Structures are given as C-alpha cells and as structure tokens.
Amino acid sequence: MLRHLQPAYDRWRLRRLLASGIPSYLKLPFDYLATPGLQLPSEVQSKRKLVEHQRTAMLDSPLKQVSIYYSPKPESSGTHATATLRPEHGEVMEFDIARIASHTSISTYWGTFLHLLASSAASKNILELGTCAGISGCYLSSVPTCQNFWTIEASEGLSNIARKNLAAISDKATVFNGLFDDVLDDLLPELGEKKLDFVWIDGHHERVATIHYFQRLIPHLSKGAIVLFDDVSWSADMRQSWEELAHWPGFEYTFDLKTLKGLGIWSGGETVPRFDFVAKPFGKIHLGDPQGWKTNASNQHR
Ligand SMILES: C[S@@+](CC[C@H](N)C(=O)[O-])C[C@H]1O[C@@H](n2cnc3c(N)ncnc32)[C@H](O)[C@@H]1O
C-alpha cells in the first residue's frame with residue numbers, strides 16, 4: 001500500500017476500533033495519533049507551549065553535561081522476572097544537556113499524546129519510572145485532574161533539573177532521587193488506599209527489568225488504570241518484553257502505538273487482553289540497535 005494512503009488507512013482502522021467498544025476516552029488521543037495535524041483544544045496547546053518553554057530553557061543552563069543511567073544489556077539480571085527481583089541498573093554515562101533536551105526527553109509529539117491520554121482518562125494518581133529532565137513529567141503533571149505525580153530518577157543531576165522544570169508547571173509533582181526499586185520500597189507502602197491511575201514506565205529498558213517493575217506495581221493499580229511502556233521496539237529484547245506484556249492476563253486491552261509505545265488498560269483478574277495496533281506502520285517493525293551497548297564513549301543517545 002502506498003505510504004501517502006497511511007493516514008486515511010489509520011483513520012479507517014481507528015473508526016472500526018472505536019466502534020468495537022474500547023473505552024471512549026481513548027478517542028481523542030488515538031485520533032491524535034492517526035490524524036496528522038489534528039486541531040487540539042486550546043488549553044492543550046497552551047500547556048504544550050509552557051512545557052516546551054522549559055525544554056528550551058534547559059539549554060541556557062550553565063551545566064553542560066549530566067549523568068544518566070543507560071539501560072543495561074539484555075539478561076543482565078537473568079532471564080526470569082519476578083516482583084521480588086532487584087535488577088541491576090545499567091552503566092552511568094555523561095550526556096550533553098542539549099542531547100537530553102532534544103533526544104532523551106520525550107518528543108513534543110509524544111508528550112502531547114501523554115497529556116491527552118491522562119486528561120481524557122481524568123487520571124488522578126500518576127507514577128513515572130524514569131524522570132530524566134522532567135519533560136514527560138511536565139506533560140503529565142499538568143493534566144487538570146492530576147492530584148499526585150510521583151517520578152523516580154537515579155541521577156542526582158537530572159533529578160535537580162527535573163525539579164526545576166516541574167515546579168514551573170505544576171505543584172503536584174514530587175521527584176524522588178534513587179533507583180526505582182529503592183524508592184518503590186518506601187513509596188508503595190505509603191500509598192495506603194490510593195491506587196495508581198496512570199503508570200508510565202520509561203527507564204531501565206531491559207526485558208526482565210521492565211516486567212519486574214510492572215509486576216511490582218500490579219497490586220497498586222486501580223481498575224481501569226493506564227499502563228504505558230516506552231520504547232517497546234528499542235531493542236529486540238524490549239520487543240520481547242512487549243510481546244509478553246501485551247498478552248498479560250489482567251489487562252483488558254493492550255495497544256501497540258505505532259510500535260513505539262505499548263499501552264495497557266488494567267482490569268485485574270484473569271481477563272485475557274484484546275490486543276490491537278494503533279497506526280501500525282506498513283512493512284516490518286524496525287527494532288532499535290542501542291549504541292550505548294557497543295561503546296563506552298559518552299553521549300550515545302539511543
Ligand atoms: C528515557 S529517560 C526518561 C525520559 C523522560 N521520561 C521523558 O520522557 O522526558 C530514562 C531515565 O531513567 C533513568 N533510569 C534508568 N534506570 C534507572 C533505575 N534503575 N532507577 C532509576 N532511574 C533510572 C535514567 O537515568 C534516565 O534519566
């Protein structure tokens with residue numbers, strides 16, 4: 001099929017998907033993915049402007065480099081994920097702030113999607129694993145219904161940058177500086193009766209680790225919770241984790257979003273998920289080839 005037919009094809013598939021009974025709050029965010037140039041509500045446009053201002057302002061920082069925890073190689077923590085595993089974090093590298101702003105942080109396109117998704121779902125309690133400079137956090141914590149936005153980052157330098165960016169956008173955000181598991185040890189018991197409505201897993205991109213963090217969070221998910229996994233085609237190993245997560249019992253629906261992000265809607269129990277693609281590219285799925293595993297040179301961005 002010709003490439004220029006893709007948007008029309010995507011919209012046709014989406015209409016069929018929406019008519020098939022998926023939650024109605026998915027309509028706007030999915031429409032956004034399937035319709036290039038879709039006119040967005042003015043309040044979304046103004047939030048986006050504020051967040052993008054923070055992204056640009058980072059470039060004026062006197063700090064030029066910052067440490068980041070690069071995702072480890074496949075099977076660095078074995079082959080079997082459990083909720084009790086403590087997966088090893090990856091190598092600590094130095095990245096330029098400019099690269100953090102333009103490549104490592106979420107793009108404007110996907111940040112807008114996160115905002116639309118959490119707004120449409122009226123998410124209240126949102127958890128992010130992998131803060132980086134707080135750009136995706138700005139998109140999420142600025143959702144009108146957000147009551148708590150918790151985010152975890154191992155790099156102290158990035159946590160400080162993120163605190164500044166988030167404070168300019170929202171008073172609901174808390175940045176925890178530490179490894180995911182160490183912070184979750186304290187945070188999860190403190191949630192008490194509060195359940196997580198939206199979980200965004202965007203760090204430690206390794207199959208066993210990704211499944212482990214998800215397993216740890218399952219008891220804290222609300223019915224109908226959104227669980228979004230980033231970079232599901234970043235490597236063959238991450239694609240494998242998504243193949244498993246997309247069919248995980250307890251998800252009611254799972255969606256492969258342009259083969260880049262994996263979305264699950266949690267129901268609990270033994271529900272078998274209905275799986276679908278949203279805006280699937282034609283042809284083969286292109287898997288990433290992480291440069292940081294090949295060399296110790298700093299500033300590899302994949
Ligand atoms: C892709 S970046 C996150 C980007 C950010 N969510 C955004 O979209 O703007 C992943 C982040 O996770 C952090 N990270 C990786 N492994 C971690 C771990 N085990 N514990 C805590 N932070 C970790 C990295 O330092 C990095 O800043």
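Modeller: Let's start at T259, in the loop between β8 (251-257) and β9 (261-266). Helices here are DSSP runs of H or I with at least four residues, strands are runs of E with at least two, and both are numbered from the N terminus. This is a predicted model, where local features need pLDDT of at least 70 and side-chain atom pairs count only at pLDDT 80 or more, while totals for chains, interfaces and linings use all residues. Residues are numbered from 1 along each chain as its sequence is written, and side-chain values use heavy atoms, with hydrogens and water left out.

Colleague: Why is T259 called buried?

Modeller: Its relative accessibility is 5%. Buried means under 20% relative accessible area, exposed means over 50%, and partly exposed is in between, with a 1.4 Å probe and protein chains only. T259 therefore counts as buried. T259 also has a positive phi of about 60 degrees, although it is not a glycine.

Colleague: What is the phi of H204, and where does H204 lie?

Modeller: Phi of H204 is near 55 degrees, again a positive value in a residue other than glycine. H204 lies in the loop between β6 (196-201) and α9 (207-217). Its relative accessibility is 9%, so H204 is buried too. E206 is in the loop between β6 and α9 as well, and is called buried because its relative accessible area is 0%.

Colleague: What makes K223 exposed?

Modeller: K223 belongs to strand β7. Its relative accessibility is 68%, so K223 falls on the exposed side of the cut-offs.

Colleague: Which side chain does D230 contact?

Modeller: The side chain of D230 makes a polar contact with that of K261, at 2.4 Å. A polar contact is a pair of N or O atoms within 3.5 Å; within protein, one must be able to donate a hydrogen and the other to accept it, and residues adjacent in sequence count only if both atoms are side-chain atoms. D230 is in the loop between β7 (221-229) and α10 (236-245), and with 7% relative accessible area it is therefore buried.

Colleague: What makes up the shell around the ligand?

Modeller: There are 11 nonpolar, nine polar and three charged residues. Ala, Val, Leu, Ile, Met, Phe, Trp, Tyr, Cys and Pro count as nonpolar, Asp, Glu, Lys and Arg as charged, and the others, Gly among them, as polar. Of the 23 residues around the ligand, Y69, G130, S136, E153 and D202 come nearest; a residue is near if one of its heavy atoms lies within 4 Å. β1 (65-69) and α6 (135-141) each supply at least two residues of this shell.

Colleague: Which residues line the second largest pocket?

Modeller: Among them are Q54, D60, L63 and K164. A pocket is an open set of points, on a 1 Å grid over the protein atoms alone, where a 1.4 Å probe fits, with protein on both sides within 12 Å along at least five of seven lines; lining residues have an atom within 4 Å of a point. Helix α7 gives the most to this lining, with four residues. By class, the lining has five nonpolar, four polar and two charged residues.
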